[in-house]
Amino acid sequence: MSLSRGNAEELLMRGLAAAKSVDPRDHEEAVFYLEWVLRTDADFQQQLQAWYWLSRVATDRERQRECLMNVLAIQPTHPDARRDLAILDGRLKAGDLRANPLQSGTAVAPGATGGVDTSRRFKCPKCGATASYDPNIGALRCQFCGTQLDEQGEIAQPAPSSVLGDVEAVSEQDWVAAIYTETGHRWALPQDRVLKCEGCGSTVTFMAARVSVKCAYCGSSYSVGAASHNLREPDGVVPFAMDAPGAATHARKWLAEQTRSMTVPDDLGELAALQLPQPIYLPFWTFDIGGEVRWNGFVRADMDLGGVSMNGMDNAANIGGVALGIFTGNYEIAAQSVADMASKQAGGRNMVHSTGAAPVIMDDILVPATSSLSDEMLGKLMFDTRKGVPYREEILAAWPAEIYTLSMSDASLRAREKAVKEANSEVELQTGSPVGSGNSSLMVDRSGLAVMSYKLLLVPVWTLEYTYKGEAYHLLVNGQSGDVCGDVPRSSNPIARLFSR
């Protein structure tokens with residue numbers, strides 16, 4: 001029997017049939033055929049299937065790991081191989097897998113009441129007054145006597161380098177270990193809750209989706225952990241970098257700048273009456289996405305890719321595969337991707353047929369996890385996530401915070417949409433041809449994109465209203481950068497403004 005491509009296909013079919021058998025005795029036959037496939041001139045897709053099903057019938061953990069690593073060497077984004085490797089590494093428990101991976105997620109309703117086992121009160125052990133988190137020192141501090149407290153709420157001992165900038169960075173989370181579990185598909189159902197204040201005995205109401213609150217009577221601060229509702233605790237917090245007066249200053253400056261537009265009344269900065277800014281920590285998901293988007297089709301013959309003309313180019317570096325190999329640490333992919341772009345002249349049209357790949361490496365794509373504000377306003381909030389600190393419950397002391405109402409799985413789809421747009425722009429830059437238009441001849445394969453890791457962050461926002469001539473308008477102030485976005489009134493006669501200047 002000659003070792004031809006046709007025989008590789010036949011051998012693979014026999015191997016897969018034996019591997020999928022419920023009789024373990026057939027697995028030896030599967031190993032025989034699947035390993036034979038790898039000794040033929042099988043293409044990459046046939047090799048990938050052979051390696052993956054060898055991992056499924058392997059009885060030795062090291063052999064299983066070897067097979068899975070070979071699958072990922074061919075296709076780093078292979079979902080089943082990534083899942084199986086996570087189970088093998090202990091990052092994902094087989095018992096935690098969703099029974100039906102395609103089933104929709106479920107909303108989690110917080111309990112109607114909270115008790116001492118689910119809530120935490122913050123008070124000073126020295127004088128009994130309310131303690132709150134001070135972003136300037138990165139610790140709890142008594143609002144009455146100024147005593148600094150540690151994470152357990154006890155009087156902190158003086159220690160060097162206790163400033164906020166010395167705190168460790170927020171850790172990236174394993175996306176594969178979460179997306180296959182129920183937790184990755186849950187979100188909070190907004191619902192008011194109540195608890196009894198330990199300070200004065202009054203009833204404290206948690207507004208819908210809030211996880212922290214102050215008692216209206218004695219000022220005691222409380223927080224309720226998300227983990228008690230089978231939801232994820234935040235991984236990190238981006239602290240506030242300004243107080244309420246500072247946020248108001250940014251808002252006034254922004255309003256004054258808006259009057260430069262002819263469509264905005266020129267007396268807005270003078271007549272706008274600002275209310276006191278209110279702080280809120282909003283939940284945002286972040287995702288790291290990597291991979292490549294492959295393309296093939298006719299492009300302009302005079303296009304240059306990396307300084308090399310597409311016209312007559314027989315061999316060139318596949319920069320997408322090279323970038324992906326470097327990004328994942330898999331240098332076999334990088335080497336394999338070299339000389340992967342072939343082209344041929346299309347007669348009479350100054351076009352060449354070519355294949356290639358656009359690399360995609362995007363870090364901390366922000367996706368709002370709340371619906372309490374409009375998508376338009378939330379989309380304008382940008383944060384330096386590198387300045388986040390690991391989440392600790394006491395950070396929310398006296399600072400209101402929301403729980404997430406968008407599941408991690410749904411948020412990852414929105415992040416992927418952003419990555420696809422980035423990849424489309426890179427393909428258009430490489431080829432000079434639009435992607436997705438009716439005039440484009442390009443075929444684009446986006447299956448090579450994958451989420452690598454994620455985080456759940458709480459980010460700082462000041463919300464405030466202002467009135468102008470009896471009408472109310474809403475503003476948001478980025479609690480980290482001071483950037484402002486919001487609504488402004490429109491001038492009734494912009495033409496008159498033009499001639500009055």
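A residue counts as buried when its relative accessible area is under 20% and as exposed when it is over 50%. Keep these cut-offs in mind for the tour of this predicted model.

**Stop 1: the whole protein**

Show the whole protein as a cartoon. It has 13 helices and 24 strands. Of its 501 residues, 48% count as buried. Take the contacts between residues at least 6 apart in sequence: 70% of them join residues at least 24 apart.

**Stop 2**

Most residues other than glycine have a negative phi. Two exceptions follow.

Select Asp-364, in strand 19, which runs over residues 351–368. Asp-364 is not a glycine, yet its phi is positive, about 55°. Is Asp-364 buried or exposed? Its relative accessibility is 13%. That is under the 20% cut-off, so Asp-364 counts as buried.

Now select Lys-469, in the loop between strand 22 and strand 23. Lys-469 also has a positive phi, near 55°. Its relative accessibility is 64%, so Lys-469 counts as exposed.

**Stop 2: the start of the chain**

Go to Ser-21, in the loop between helix 1 (5–19) and helix 2 (26–37). A polar atom of the Ser-21 side chain lies 3.1 Å from the backbone nitrogen of Asp-23. Leaving out residues up to four places away in sequence, Ser-21 touches Asp-26 and His-27.

**Stop 3: helix 4**

Select residues 61–74, which form helix 4. This helix has 14 residues, and the distance from its first C-alpha to its last is 20 Å, close to the 20 Å expected at 1.5 Å a residue. Asp-60 caps the N-terminal end of helix 4, with a side-chain oxygen 3.1 Å from the backbone nitrogen of Glu-62. Which residues of helix 4 are buried? They are Cys-67, Leu-68, Val-71, Leu-72 and Ala-73. When you look at their directions, recall that an α-helix has 3.6 residues a turn, so residues three or four places apart point the same way.

**Stop 4: helix 7**

Next, select residues 244–258, helix 7. At the start of helix 7, a side-chain oxygen of Asp-243 comes to within 2.9 Å of the backbone nitrogen of Gly-246.

Colour the buried residues of this helix: Ala-244, Gly-246, Ala-247, Ala-248, Ala-251, Trp-254 and Leu-255. What do the buried residues of helix 7 pack against? Their partners are helix 8 (268–271), strand 14 (273–274), strand 22 (449–468), strand 23 (471–478) and strand 24 (484–486).

**Stop 5: Thr-370**

Select Thr-370, in the loop between strand 19 and helix 11 (375–378). Thr-370 counts as buried because its relative accessibility is 7%. Its side chain makes a polar contact with the side chain of Ser-372, at 3.0 Å, and another with the side chain of Glu-402, at 2.7 Å. Setting aside neighbours within four places in sequence, Thr-370 is in contact with Leu-282, Pro-283, Leu-378, Glu-402 and Thr-405.

**Stop 6: the nonpolar cores**

Select Trp-175, Trp-285, Phe-287, Ile-289 and Met-408 together. These residues have the most contacts inside the largest nonpolar core, which has 40 residues. Two or more residues each come from helix 6 (176–179), strand 15 (278–300), strand 19, helix 12 (408–431) and strand 22. Helix 12 gives the most, with seven residues.

**Stop 7: the largest pocket**

Switch to a surface view. Rolling a probe the size of a water molecule over the atoms shows where empty space is left. How much space lies in the largest pocket? The figure is about 760 Å³. The pocket is lined by 29 residues, and those closest to its centre are Pro-101, Trp-175, Ile-179, Tyr-180 and His-185. Helix 5 (79–89), helix 6, helix 12 and strand 22 each give two or more residues to the lining. Which element gives the most to this lining? Helix 12 does, with five residues.

Key: Residues are numbered from 1 along each chain as its sequence is written. This is a predicted model: local features need pLDDT of at least 70, side-chain atom pairs count only at pLDDT 80 or more; totals for chains, interfaces and linings use all residues. Side-chain values use heavy atoms; hydrogens and water are left out. Helices (H or I, at least four residues) and strands (E, at least two) are DSSP runs, numbered from the N terminus. The expected span of a helix is 1.5 Å times one less than its number of residues. Buried means under 20% relative accessible area, exposed over 50%, partly exposed in between (1.4 Å probe, protein chains only). Contact means heavy atoms within 4.5 Å. A polar contact is a pair of N or O atoms within 3.5 Å; within protein, one must be able to donate a hydrogen and the other to accept it, and residues adjacent in sequence count only if both atoms are side-chain atoms. A nonpolar core is a set of buried Ala, Val, Leu, Ile, Met, Phe, Trp, Tyr and Cys residues joined through side-chain atoms within 4.5 Å. On a 1 Å grid over the protein atoms alone, a cavity is a set of points where a 1.4 Å probe fits but cannot get out, and a pocket is an open set with protein on both sides within 12 Å along at least five of seven lines; lining residues have an atom within 4 Å of a point. Grid points are joined across faces, edges and corners, and a volume is the space filled by probe spheres set on the points.
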